[in-house]
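My entries follow in the order I looked things up.

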Amino acid sequence: MATAWAAAVWCAAGAAWAQGGAIWRCGNEYTNNPGPNPAARGCREMQGGNLTIVEGTRPAGGAAGAPGNAGGAGGAAPAAAPNGARSPAERVEPDQQRQRDAEARRILEQELRRAEERLAQARADYADGKPPRLANERTDSPRYTARVEELRTRVERAEADVAAIRREIGRLDGGR
């Protein structure tokens with residue numbers, strides 16, 4: 001009995017030691033091995049409380065022997081064709097696809113116009129980093145500085161939105 005208890009304590013100590021290293025956050029990735037220069041990758045060591053990470057589900061495609069891919073279950077989706085090819089039931093007629101593409105383009109162009117309007121308004125509000133002071137900011141310099149920083153952030157976000165929408169439109173053009 002004492003030997004079994006000692007073995008259990010030894011195993012628990014080994015598991016605690018294995019997990020006792022630092023945990024790093026590199027963007028949305030958490031790791032205990034951030035590489036030789038974590039700061040260059042934008043990694044920060046996590047401090048304080050406990051960290052629990054629940055790993056998401058893995059895609060089922062490609063793993064022939066993976067659990068859940070067994071073929072005989074009623075109502076199961078048909079297996080994907082090799083090389084990403086679609087089965088005849090999954091294919092879309094060319095005219096219907098052209099309509100979908102045209103609708104996607106129309107929506108993206110509409111979103112681009114809105115984003116460009118937001119960008120123009122944000123740039124006007126920012127006024128090259130020197131927006132006019134509001135009444136409550138005439139004597140409160142930190143408040144003015146905070147508002148200027150918020151306006152700058154708004155301009156950067158609007159620029160990123162416009163760039164992302166243009167990339168999406170470019171993907172539509174590149175897919176032809």
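Entry 1, helix packing. The model is predicted. I started with helix α2, residues 94–126, and helix α3, residues 141–174. Two packed helices are described by the angle between their axes and the distance between the axes, so I looked up both values. The angle between α2 and α3 is about 160°. Their axes lie 9 Å apart. Angles over 145 degrees count as roughly antiparallel, and α2 and α3 are therefore roughly antiparallel to each other. I also noted the handedness: α2 passes α3 in a left-handed crossing. I then sorted the residues in this contact by class. I found 15 nonpolar, one polar and 14 charged residues where α2 meets α3.

I listed the secondary structure and got three helices and three strands. Read from the N terminus, the order is α-β-β-β-α-α. The protein chain has 176 residues, and 14% of them are buried. The protein chain exposes about 14300 Å². Carbon and sulfur atoms hold 54% of that surface. Then I turned to contacts with a separation of 6 or more. Of these, 40% join residues 24 or more positions apart.

What is the phi of Ala127, a residue other than glycine? I read a positive value, near 50°. Ala127 sits in the loop between α2 and α3. Asp128 lies in the loop between α2 and α3. Asp128 is not a glycine, yet its phi is positive, about 55°. Is Asp128 buried or exposed? The relative accessible area of Asp128 is 71%, so I logged Asp128 as exposed.

I moved on to strand β1, residues 24–26, where Cys26 is found. Cys26 has a relative accessible area of 9%. Which residues does Cys26 contact, leaving aside neighbours within four places in sequence? I wrote down Thr31, Pro34, Arg41, Gly42 and Cys43. I also took the C-alpha to C-alpha distance from Cys26 to Glu45, which is 8.8 Å. In sequence, Cys26 and Glu45 are 19 residues apart.

Methods. Residues are numbered from 1 along each chain as its sequence is written. This is a predicted model: local features need pLDDT of at least 70, side-chain atom pairs count only at pLDDT 80 or more; totals for chains, interfaces and linings use all residues. Side-chain values use heavy atoms; hydrogens and water are left out. Axes are lines fitted to C-alpha atoms, for helices over the stretch in contact, and angles run from 0 to 180 degrees between N-to-C directions. Helices (H or I, at least four residues) and strands (E, at least two) are DSSP runs, numbered from the N terminus. Angles under 35 degrees count as roughly parallel, over 145 as roughly antiparallel, 65 to 115 as roughly perpendicular and the rest as oblique. A crossing is left-handed if the near helix is turned anticlockwise from the far one by less than a right angle, and right-handed if clockwise. Ala, Val, Leu, Ile, Met, Phe, Trp, Tyr, Cys and Pro count as nonpolar, Asp, Glu, Lys and Arg as charged, and the others, Gly among them, as polar. Buried means under 20% relative accessible area, exposed over 50%, partly exposed in between (1.4 Å probe, protein chains only). Contact means heavy atoms within 4.5 Å. Accessible areas come from the Shrake-Rupley method with a 1.4 Å probe; for residues, only the protein chains shown count as cover.
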